[in-house]
Every structure is written in C-alpha cells, then in structure tokens.
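Please open the model in a viewer and keep the selection tool at hand.

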Amino acid sequence: MPGTKSNIRIFWDFLVFIITIYLAIVIPLQIVFNIRSDYYVINSIIISVIFLVDIFVNFFVPEYKSNEKPYKKYLRFWFWLDILTVIPFELFEIVIKEISILRIIRVLRLARLFKLYKIKYSISFIKSKNIFNPAILRMIILGFWMFLILHFISCGWIVVGKYDSNLTNSENYLRAFYWALTTVSTIGYGDITPSNNVQIIFTICVQLVGVGMYGFIIGNISSLLANVDIARRQFQEKLDKINIFLKYRNIPYRLQEKINEYYSYLWQTRKGYDEISVLEDLPLPIKIELSTFLHKEIIEKVPIFKGANQSIIRRIILNLIPVVFTPGDYIVVEGEIGNEMFFISKGEVEVIVKGQRITTLRDGQFFGEIALLLSVPRTASVRAITFCDMYMLDRETFNNIIKQFPSFEKSIQILAEERSKELDKIHKSMWDKG
Ligand code: CMP
C-alpha cells in the first residue's frame, strides 16, 4: 500500500536504534574511564560496517513506499553526518601513541552518536502502531532523553576532574550521576561541589541548562499526566457541564437520571467518542475503509446485506447514521409520517400496534421500511426495551439505493409484505374483538 512504511526500513531502523542506544551509553563511559573491552576492534569494525550499510539503506530504501527518491532528501544533510559515524576511530587509538592526539581521537568517537537522530524513525513507527497510550509513550521518550542528557553530564563531571581514585568506576559514576541529577533538578544539596575553575564553569553551564530542562520537564510531565486518560477526562468534563445545566434548569430527576444513564452507556460502549465526528475529518478512501470496519458487524448481522454486492454495501455503509436509544424510548410512533428506517446492531425493541405488543425485534433485524416503501404513515410503534445501538438510513438515501439496486428493494419488499399481511390479520382480530 503506498504511503506505509516498508518492512525492511522498519527492521533496519529498529536495529540501528538499538545499537545507537547501546553506543550512546557505552562510548561516553569508555572514554571517561578509558575502558577497552576484549572485542574492542571487532566491535568497532562491526559497527562501522552496520553504519555503512545504513548509509546504503538510507540512500536506496525509501522510508515510505512511494515513488520519491530517498537519496535526494538524504544527501541534503544527514548523509554527511552519517559518513562521520562510519569512521572507526577506535582503530586509530591502537596505532597512535601520541597522548594529545590520542585524547582527541577518543573524543572523536562521540561522532557515532550523530546516529541518535535515527531514533525518531523507530519512535514514529511505534507511535503509528498505537500500541501504547500516546501520553505514556511521550513520557517514556522524555524519560529516555532525560536519562541520556544526565548520563552525558555525569561523564562530563568525571572528565573535569571529579574522579576519586579510591573509589571504583561504578562508584565514581554513581556519585557523578547523583550530582548531575541534583544540579539539573535544581535541588542542589551542596554535598558534592566544584573545587576548581574548570569544575565551576562546568557547574555553571549545567545549572543554566538545568533550569531550562527542569522547567521543560516539569511542564511536560504535568501536561502528560493530565493527558494519560484524555478520553475519560474530556468525557467527565462534558458530563459535568451537562449535569450543571440540568440542575440549573430544574430538569425532573427521572430525566436527569436517564441522561446520565445514556452517557454512561456511551462511555461503556465507545469510550464517549462519537463515530460521526471521528469519520468527519478523514479523506473518502480512509473513511470508507474505517466505516466498513466499524459497520462490519451490522453488515454481517443483517440477512439482506449478506448477499448484496459490494457497491450496495459501500453506498449503505457511507450513509448509515449511528444512533442510540435508551430503554423505553419510542423510536417510531404509529400513525406518524416516517422518513427513515432502522437496523438494530445491538439491543431489543418491541413492535406495538394499538397499544399491544405484537413482536420483538433484536440484533440484525430492521424496521421502519413500510413507511419508506409504501409512503404510508407508520403502521406500528417501535419502542426500545434495552439500550439499543442502531443505524439509521434516511428516505433520500433509501430511495437512491433502491433505484440503483432493485435486488435490494426486492428483499426488503418481501419482508414488508409479510409484515403488512400480519398487520392486517392483527387489525382484523382486534376489530372482531370489538
Ligand atoms: P413502518 O410502518 O415504517 O413503522 C413501524 C414498523 O414496525 C414497520 O414499518 C415495520 O418495520 C415494523 N413492523 C410492523 N409490523 C411488524 C411485524 N408484524 N413484525 C415485525 N415488524 C413489524
């Protein structure tokens, strides 16, 4: 499908994502503590090869399945940084003996971290999958960046001389991380302090960055926490407003209760979202796809839809209006003019003629077709027994559909005729009884 992300890119970006996180943590530690793992050279070569392949992937495999040429955009900027990430500076370290050059080479290893920009691809993929609550995902991402910045600051703190040779590397790192966190969060206990000019300058820089970062994080966290259950919050706000209005206008208690029951049903069945407003903004092809999915159940349940061809189904699907009725509601009133028919998706209704229940209808059945087909007033009343999820089809659409698809008209007509005959019998027996 055009526009979706290609599977190779997803897999590849994810692999680079994991390697980059590993490098972002390990390289600063290796530089600061001058550590060389057993497989230092091999690791370096493997990573260079993977990053080289990544350049080819970026060049030739488009991020999205489209006709766009991926290398054009890539060549503009990221390609040049990616070149730097490929250089295996670790190998120079082995060859070069001059201490001052060695130091520079070590720092240059940080160039690999330019690859951190790739994280955005994997994150946007995870976001698009919609597996996590978006607010929680944003909080995890924020936590990740915060940790990484604190990690860099901690390593910097050790570089500027806060290294105690009586302690192990992990103990030194722990203290540095503690200092970084207390400084950035502006808690600043003052138990670990700078003791020379370089450290003072470093501390000032971290404090300046820290103030901004702290404000940014606190602001973000409070807004994210408020949004974790955004649907529930918005729904509750709406209900609160309605309830204030109902009280203000002294609406009878029974009606207030009914309105609240209706909203609680909406919450339980669709988390308060109304289908129409979700569909409204979408372009037609996506709208059709989403409507087909949303209305799949009703299409499967209603027997007259089963044999219908795809174009009828599509026309009907796009024009079905979802409606909800609460127990006791009259959906159709006998003798009134009717302009719509109803399909029951979930729930049960009773058909009433002259005050007497003649039958009940439930999931997959429909009613209201006689008034549309024969242009007569409603032949019966229909009342909801339970909460009912229904789909409504208006007269205009109904007429258009039957004009184009006579087979659809026929199947409805058969049932309408049966019902009309039954109604005649009922009227006759009522007449006879007097
Ligand atoms: P309409 O007359 O438009 O409005 C009332 C509806 O009740 C009617 O269409 C039918 O859909 C439905 N109805 C009438 N009689 C029966 C019946 N005997 N069995 C089931 N449904 C009926």
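Is Lys 72 buried or exposed? In this predicted model, Lys 72 has a relative accessible area of 54% and is therefore exposed, the cut-off for that class being over 50%. Lys 72 is placed in helix α3.

Turn next to the salt bridges, of which the structure holds 20. Select Lys 115 and Asp 82: they form a salt bridge whose closest N and O atoms are 2.7 Å apart. Because Lys 115 lies in the loop between α6 (99–108) and α7 (119–129) and Asp 82 in helix α4 (residues 78–86), the pair ties together parts that are 33 residues apart in sequence. Both residues are buried.

Now select Asp 329 and Lys 258, a salt bridge with its closest N and O atoms 2.7 Å apart. Asp 329 lies in the loop between β1 (321–325) and β2 (330–332) and Lys 258 in helix α12 (residues 253–270), so this pair ties together parts 71 residues apart in sequence. Asp 329 is buried at 18% relative accessible area, whereas Lys 258, at 21%, counts as partly exposed.

Finally, select Arg 362 and Glu 348, which form a salt bridge with the closest N and O atoms 2.6 Å apart. Arg 362 belongs to strand β5 (residues 356–362) and Glu 348 to strand β4 (residues 348–353), 14 residues apart. Arg 362 is partly exposed at 40% relative accessibility, and Glu 348 is partly exposed at 22%.

Conventions
Residues are numbered from 1 along each chain as its sequence is written. This is a predicted model: local features need pLDDT of at least 70, side-chain atom pairs count only at pLDDT 80 or more; totals for chains, interfaces and linings use all residues. Side-chain values use heavy atoms; hydrogens and water are left out. Helices (H or I, at least four residues) and strands (E, at least two) are DSSP runs, numbered from the N terminus. Buried means under 20% relative accessible area, exposed over 50%, partly exposed in between (1.4 Å probe, protein chains only). A salt bridge is a side-chain nitrogen of Lys or Arg within 4 Å of a carboxyl oxygen of Asp or Glu.
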